[in-house]
Amino acid sequence: MNSIMINLFYLLAALLFVMGIKGLTRPKTAVRGNRLAALGMLLAIVITLLDRQVIHYEIVFAGLAVGTLIGVLMAIKVQMTSMPQMVAILNGLGGGASLGVAAASYFSVLASGTELSGVTLVIAKSAIMLAVLIGAVTFSGSAVAFGKLQEVLPGQVIGFSGMKFINLGLLLASVAVIFLLVNNQLGSGGFLLLVGLALLLGGTLVMPIGGADMPVVIALLNAYSGIAAAAAGFIMGNNVLIISGALVGASGLILTKIMCVAMNRSLLNVLFGKMVASDGPTIDADEVYQGKVTSASPDEVSMMLEDAQRVVIVPGFGLAMAQAQHAVRELADTLVGRGAIVEFAIHPVAGRMPGHMNVLLAEAEIDYEAMKTMEQSNPNFSKTDVVLVIGANDVTNPMAREDKGSPIYGMPILNVDEAKSVVIIKRSLSPGFAGLPNPLFAMDNAVMLFGDGKQAIMDLTAVLHEAA
């Protein structure tokens with residue numbers, strides 16, 4: 001194939017990527033967007049294989065078969081509640097692949113003696129080292145993120161307040177090694193040193209981040225994997241890899257910024273792994289609740305729901321842990337059957353990755369139109385009869401609005417306390433990741449339904465059916 005046809009097909013693949021990303025911006029069009037992006041990647045792979053001089057196609061097809069088998073097994077076996085872990089793995093594999101391409105290119109240059117010289121050689125080597133740095137950071141950082149999400153590693157902060165200085169030191173040391181490598185002052189030993197420093201940096205960046213802050217981390221690691229892929233594209237001279245990597249990197253950084261705003265975090269603090277709670281005085285839960293917490297039974301809550309004309313369900317990570325999405329859908333269907341309007345208010349950082357709650361609810365075949373963003377939901381809480389909060393804690397905590405000394409002050413929240421009645425389904429009064437008591441639990445219009453999220457929802461549904 002001539003270069004014009006190749007670049008035209010690459011352009012078509014890039015357009016499919018753009019259309020795919022646009023489709024992913026809304027739950028209703030996400031499936032179509034995913035398919036368009038997958039089609040673009042298939043086209044790019046086919047054209048690349050036809051364009052390049054492949055020595056052993058059997059190795060390529062063997063890799064394709066193994067990868068397909070692994071992908072199918074993951075799609076079948078991995079539960080929707082474990083999607084954050086799988087995304088972390090895939091981000092890590094993307095970074096690892098870029099690292100592998102860069103390493104192969106570097107040692108190929110050493111072995112063959114490149115004909116490049118001057119500025120061209122410096123640019124080529126710089127692209128290789130950039131891919132090594134970002135790819136290794138993504139690989140090890142994603143491994144730590146997976147360990148936290150899978151609870152192989154502690155979910156809370158691992159490290160100390162001065163961790164950012166270690167991260168800065170590792171970054172500066174990596175940049176220094178890159179400079180020496182590009183200027184031929186270090187050999188293969190220096191290259192391995194760079195890989196080691198970058199792998200260590202990836203781990204130390206993610207270790208200080210608590211498990212509940214993973215939405216930001218997942219978005220950031222996704223951006224890293226895209227940037228690493230773009231650098232690998234420069235190394236290979238592959239235009240579509242440069243374009244797709246740049247798209248993923250840019251969209252990932254934009255999403256990271258959105259997540260930071262939603263959590264009242266600084267992007268600079270995320271980059272240097274500083275996402276620890278405030279060092280202010282500990283807030284006593286007894287002082288906040290003052291014995292005013294009211295508990296209710298499924299029968300009492302069902303009486304509230306029987307007369308409700310408008311019900312809003314707020315899902316959180318507790319819903320994912322209880323795997324209650326199907327039970328929630330059955331409850332919503334029951335309420336709709338009784339003439340109520342039912343919506344789902346989803347905070348941007350609810351769960352452990354961007355869109356986690358949307359994925360769970362979609363898996364239970366809940367209507368996309370019923371899923372509302374925080375901006376759409378907040379103006380309507382004052383018109384809502386009953387809000388059901390399932391496992392969401394910090395994202396409904398009024399301290400974010402009212403207590404300037406709170407670690408979460410300034411974080412946008414779902415204003416569920418403005419509803420006529422609020423029912424919080426939790427196992428206990430335990431705080432969320434921020435370690436703060438939630439004054440919502442003690443408000444006059446709020447009651448606690450203690451118990452497992454899935455079982456509590458099933459009990460409510462059963463009582464409503466009996467009353468029908």
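Lysine 420 and aspartate 385 are joined by a salt bridge in which the closest N and O atoms are 3.2 Å apart. In this predicted model, the pair links distant parts of the chain, since lysine 420 belongs to the loop between helix H17 (399-402) and strand E5 (421-426), whereas aspartate 385 belongs to the loop between helix H16 (374-377) and E4, 35 residues apart.

Arginine 401 counts as partly exposed, at 31% relative accessibility, and aspartate 417 is buried, with a relative accessible area of 14%.

Another salt bridge brings together the side chains of arginine 310 and glutamate 343, at 2.8 Å from N to O. Arginine 310 lies in strand E1 and glutamate 343 in strand E2, so the pair ties together parts that are 33 residues apart in sequence; both residues are buried. Strands E1 (residues 310-315) and E2 (residues 341-346) run parallel and are joined by four bridges, and within this pairing glutamate 343 of E2 is the bridge partner of valine 312.

These two strands belong to an open sheet of six strands, arranged in the order E3-E2-E1-E4-E5-E6 with parallel pairing. Strand E3 (371-373) and strand E6 (446-450) stand at the edges, and because each has a single partner strand, one side of each is left without a neighbour in the sheet. From one strand to the next, the twist averages 25 degrees. Helix H14 (residues 325-337) packs on the sheet, where it touches E1, E2 and strand E4 (386-390), and its direction makes about 145 degrees with that of E2. Helix H15 (residues 356-363) lies across E1, E2 and E3, and likewise runs at about 145 degrees to E2.

Among the helices, H8 (residues 214-236) has 23 residues and reaches 32 Å from its first C-alpha to its last, close to the 33 Å expected at 1.5 Å a residue. Because 18 of its 23 residues are buried, H8 is largely enclosed by the rest of the structure. Just after H8, glycine 237 takes a positive phi of about 70 degrees.

Alanine 131, in helix H5 (residues 118-149), is buried, with a relative accessible area of 0%. Apart from neighbours within four places in sequence, alanine 131 is in contact with Ser98, Leu99, Ala102, Ala136, Ala228, Ala231, Ala232 and Ile235. The C-alpha atoms of alanine 131 and alanine 102 are separated by 6.0 Å, although the two residues are 29 residues apart along the chain.

Taken as a whole, the chain contains 18 helices and six strands, and buried residues make up 44% of its 468 residues. Of the contacts between residues at least 6 apart in sequence, 79% join residues at least 24 apart. The chain exposes about 22200 Å², of which carbon and sulfur atoms supply 64%.

How values were computed. Residues numbered from 1 in each chain as written. Predicted model: local features only at pLDDT ≥ 70, side-chain atom pairs only at ≥ 80, totals over all residues. Heavy atoms only, no water. Pairing = 2+ DSSP bridges. Axes fitted to C-alpha atoms, helices over the stretch in contact; angles between N-to-C directions. Contact = heavy atoms within 4.5 Å. Buried < 20%, exposed > 50% of the residue type's maximum accessible area, 1.4 Å probe, protein only. Areas by Shrake-Rupley, 256 points an atom, 1.4 Å probe, with all protein chains shown as cover. Expected span 1.5 Å × (residues − 1). Salt bridge = Lys/Arg side-chain N within 4 Å of Asp/Glu carboxyl O.
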